[in-house]
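Biologist: I've got a model open and I'd like to learn how to read its features. Can you walk me through it?

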Amino acid sequence: MVEIAVMGHGVVGSGVVEVLTTHRESIARRAQEEIGIKYILDLRDFPDSPYADKFTKNFEDIVNDPEVRVVVEVMGGLRPAFEYVCRCMEAGKSVVTSNKELVATKGAELLKIARDHNVNFLFEASVGGGIPIIRPLHQCLAANDVIEIAGILNGTTNFILTKMIRESMSFEDALALAQKLGYAERNPAADVEGHDACRKICILASLAYGKHVYPEQVHTEGITDITLADVEYAENWGGVIKLIGQVKKQTSGKLQIIVCPMFVPAESQLSSVDDVFNGILVRGDATGDVVFYGKGAGKLPTASAVVADVIDCVKHFSSRKYLFWEDGSKDYVEDYMEDCVSMYVRASAADVNLSLLNAGTIFGGVTRLIRRDATADEFAFVTEKMPEKEISQKLKELTALGVQVQNTIRLGDF
């Protein structure tokens with residue numbers, strides 16, 4: 001019998017307990033050991049729970065118990081999760097987490113502690129919920145040089161954009177529906193402003209390229225400025241709008257990494273990833289494009305990934321899994337303004353035809369987009385590919401000629 005502890009009994013934590021209990025026999029066969037839950041850490045009381053006798057409010061019960069060999073951290077946040085995880089691994093216990101903020105912010109440090117104490121620190125559930133991506137990226141695609149990763153990494157924003165695309169809902173109405181259905185929090189900032197997707201692409205980039213990328217190094221934009229006009233122009237262009245986390249390695253060895261809305265062409269496999277589903281495209285030099293698809297969150301899908309890591313820990317007590325990346329550096333990520341992109345621009349002006357002519361002159365040619373019901377002063381176009389800093393400068397020149405830029409969105413090329 002291998003005893004474990006679960007820290008946190010919220011949505012994911014309760015799911016972990018449920019999966020471990022209802023699938024007890026099959027999990028024991030796969031782990032080649034019976035797995036028992038000795039403690040569940042939570043500050044709240046659960047007197048009616050069938051596991052009421054396992055609850056504790058004292059972390060010291062867990063860290064000081066030599067029978068506990070694996071600890072599941074599903075509390076979320078950095079405090080006290082970081083301290084607890086460090087102490088558990090320093091006490092010789094392997095740790096499994098779904099905490100993307102913890103891994104994105106402290107991953108390199110925690111992986112070093114795990115290595116130094118010959119324990120495992122696993123986090124499959126931190127990206128993509130129930131979608132297997134950490135293990136495939138680390139093991140199955142290990143023979144590849146990863147050229148690029150691009151993904152729809154947040155189900156809430158994808159649900160909102162899907163409603164805007166399919167049903168012409170406004171952003172505000174789609175967000176309200178997402179909150180009503182439980183897909184969005186009362187304070188949805190982490191989702192709609194891109195922070196959740198940012199943490200996830202940081203984890204994938206760190207794993208793929210072996211050096212920690214920190215969230216503060218990633219230029220991050222959300223979907224709060226997306227309008228139905230932008231959705232219609234994307235359709236006229238030949239695609240849809242998705243919130244994308246993207247990383248690619250430059251010839252210099254530095255990374256280009258960004259989280260932002262993008263026009264995704266209809267022929268891309270990511271264009272048809274809708275509702276609360278996630279899709280992650282990994283472009284390898286040997287495999288070409290490989291896409292991972294599924295529900296990116298939810299109680300049981302995420303719990304499934306957590307429990308799979310628990311099984312992995314139990315099977316590797318005698319041989320630590322080599323999952324590791326180095327600490328990052330300030331100059332590891334290239335300025336996003338250096339990246340070559342094509343840009344969609346929606347603008348307004350008193351004289352649309354003259355403004356389009358000026359845009360063509362300034363940008364060296366543009367492609368106009370049209371939509372039904374556009375106001376007389378509205379126009380939109382797509383630029384040719386060039387460094388984003390040049391696009392920014394050229395838009396300033398256009399603004400000086402009386403054009404008001406309403407929105408800009410990058411074009412994806414995957």
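Modeller: Helices here are DSSP runs of H or I with at least four residues, numbered from the N terminus. Before going on: this is a predicted model, where local features need pLDDT of at least 70 and side-chain atom pairs count only at pLDDT 80 or more, while totals for chains, interfaces and linings use all residues. Residues are numbered from 1 along each chain as its sequence is written, and side-chain values use heavy atoms, with hydrogens and water left out.

Biologist: How do I read a helix, say α10?

Modeller: Compare its reach with the expected span, which is 1.5 Å times one less than its number of residues. Helix α10 (residues 195-209) has 15 residues and goes 21 Å from first C-alpha to last, close to the expected 21 Å. Then look at burial: 12 of the 15 residues of α10 are buried, so the helix is largely enclosed by the rest of the structure. Among those buried residues are Cys198, Ile201, Leu204 and Tyr209.

Biologist: What about the largest nonpolar core; how many residues has it?

Modeller: A nonpolar core is a set of buried Ala, Val, Leu, Ile, Met, Phe, Trp, Tyr and Cys residues joined through side-chain atoms within 4.5 Å. The largest one here has 114 residues, and Ile4, Phe121 and Leu204 have the most contacts inside it. Helix α10 gives the most to this core, with nine residues. Another core, of 17 residues, lies apart from it and includes Met343, Ala359, Phe363 and Phe381.

Biologist: How many disulfides are there?

Modeller: The rule is a pair of cysteine sulfur atoms within 2.5 Å, and by that rule the count is zero. Take Cys260: the nearest cysteine sulfur belongs to Cys198, 11 Å away. Cys260 is also buried, at a relative accessible area of 0%. For Cys340, the nearest cysteine sulfur is that of Cys260, 15 Å off, and Cys340 is partly exposed at 38%.

Biologist: How do I judge aromatic pairs?

Modeller: You describe a pair of rings by the distance of the centres and the angle of the planes. Rings of Phe, Tyr and Trp (its six-membered ring) pair if their centres lie within 6.5 Å; planes under 30 degrees apart are stacked, over 60 edge-to-face, and the rest tilted. That gives 11 aromatic pairs here. Phe46 and Phe55 are a stacked one, 4.8 Å centre to centre with 20 degrees between the planes. Ring pairs also link Tyr233, Trp237, Phe263 and Tyr344 into a cluster.

Biologist: Which residue lies over the face of Phe317?

Modeller: For a charge over a ring, NZ of Lys or CZ of Arg must be within 6 Å of the ring centre and within 35 degrees of the ring normal. Over Phe317 it's Arg69, at 3.7 Å from the ring centre.

Notes
Helices (H or I, at least four residues) and strands (E, at least two) are DSSP runs, numbered from the N terminus. Buried means under 20% relative accessible area, exposed over 50%, partly exposed in between (1.4 Å probe, protein chains only).
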